[in-house]
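Let us look at how they pair up in one protein model.

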Amino acid sequence: SSSRRDASYRPGSIKRIELCNFITFDHVQIEPGPGLNLVLGANGTGKSSLVCALCLGLAGSPAVLGRGALLEEFVKNGKRKGWTEITLSGRDCEDIRIRRTLFKEAASRGEPVWCVNGARSSEKHVKEVVASFQIQLENLTQFLPQDKVGSFARLGPVERLRETQRAIGHGLLNQHEALISLH
């Protein structure tokens with residue numbers, strides 16, 4: 001796949017997911033289309049692993065997933081390290097490749113953990129890039145891992161509306177709160 005932006009993908013769309021030694025996957029590359037994509041499969045085929053890869057690869061916390069708290073738990077058994085690489089459609093002409101390397105042991109700290117477009121980066125920078133596309137991994141109306149469905153169901157109607165407005169962006173939540181304050 002090319003690193004040039006394809007106009008059929010909206011900025012921030014996921015164009016490619018590549019995983020190596022991640023949970024159950026040895027190596028896999030997936031290229032979602034520009035529209036709605038569904039991931040279907042029998043139990044144990046890696047659907048939830050793919051969701052974990054998206055979250056962790058876009059600088060989300062394991063706590064968002066409701067699963068393992070340690071990043072090393074996401075490295076395939078028997079392997080020293082694994083990685084996720086997520087390619088997002090950029091705003092201009094270039095796509096953005098975000099790679100996160102995960103290690104089984106803390107002894108491997110010399111290697112970069114984050115890379116953006118092949119260059120060493122920081123988690124803070126990756127979070128800024130992700131936020132610039134209004135990707136909200138902690139917002140259950142936008143990103144709902146299987147283990148968090150119960151949390152979403154427990155949201156009250158007002159909280160669900162706020163989270164939906166926050167997911168839509170464009171200052172909608174702030175405008176709504178400003179209207180409420182006029183009352």
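Which residue forms a salt bridge with arginine 16? The partner is glutamate 85, and the closest N and O atoms are 3.3 Å apart. This pair links distant parts of the chain. Arginine 16 lies in strand 1 (residues 14–22), while glutamate 85 lies in strand 3 (residues 81–88). The two are 69 residues apart. Keep in mind that the model is predicted.

Arginine 16 has a relative accessible area of 10%, so it is buried. Glutamate 85 has 8%, so it is buried as well.

Arginine 99 sits in strand 4 (residues 96–103), 14 residues from glutamate 85 in strand 3. Arginine 99 is partly exposed, at 25% relative accessibility.

These residues belong to a network of salt bridges. It links Arg16, Glu18, Glu85, Arg97 and Arg99.

## A pair within a helix

Lysine 127 and glutamate 123 meet in a salt bridge through their side chains, at 3.7 Å from N to O. Both are in helix 3 (residues 123–132). They are four residues apart, so about one helical turn separates them.

How exposed is each one? Lysine 127 is partly exposed, with a relative accessible area of 43%. Glutamate 123 is partly exposed too, at 32%.

## The whole structure

How many salt bridges does a search of the whole structure find? The count is eight. Side chains of opposite charge can pair when their charged atoms come close.

Note on methods. Residues numbered from 1 in each chain as written. Predicted model: local features only at pLDDT ≥ 70, side-chain atom pairs only at ≥ 80, totals over all residues. Heavy atoms only, no water. Salt bridge = Lys/Arg side-chain N within 4 Å of Asp/Glu carboxyl O. Buried < 20%, exposed > 50% of the residue type's maximum accessible area, 1.4 Å probe, protein only.
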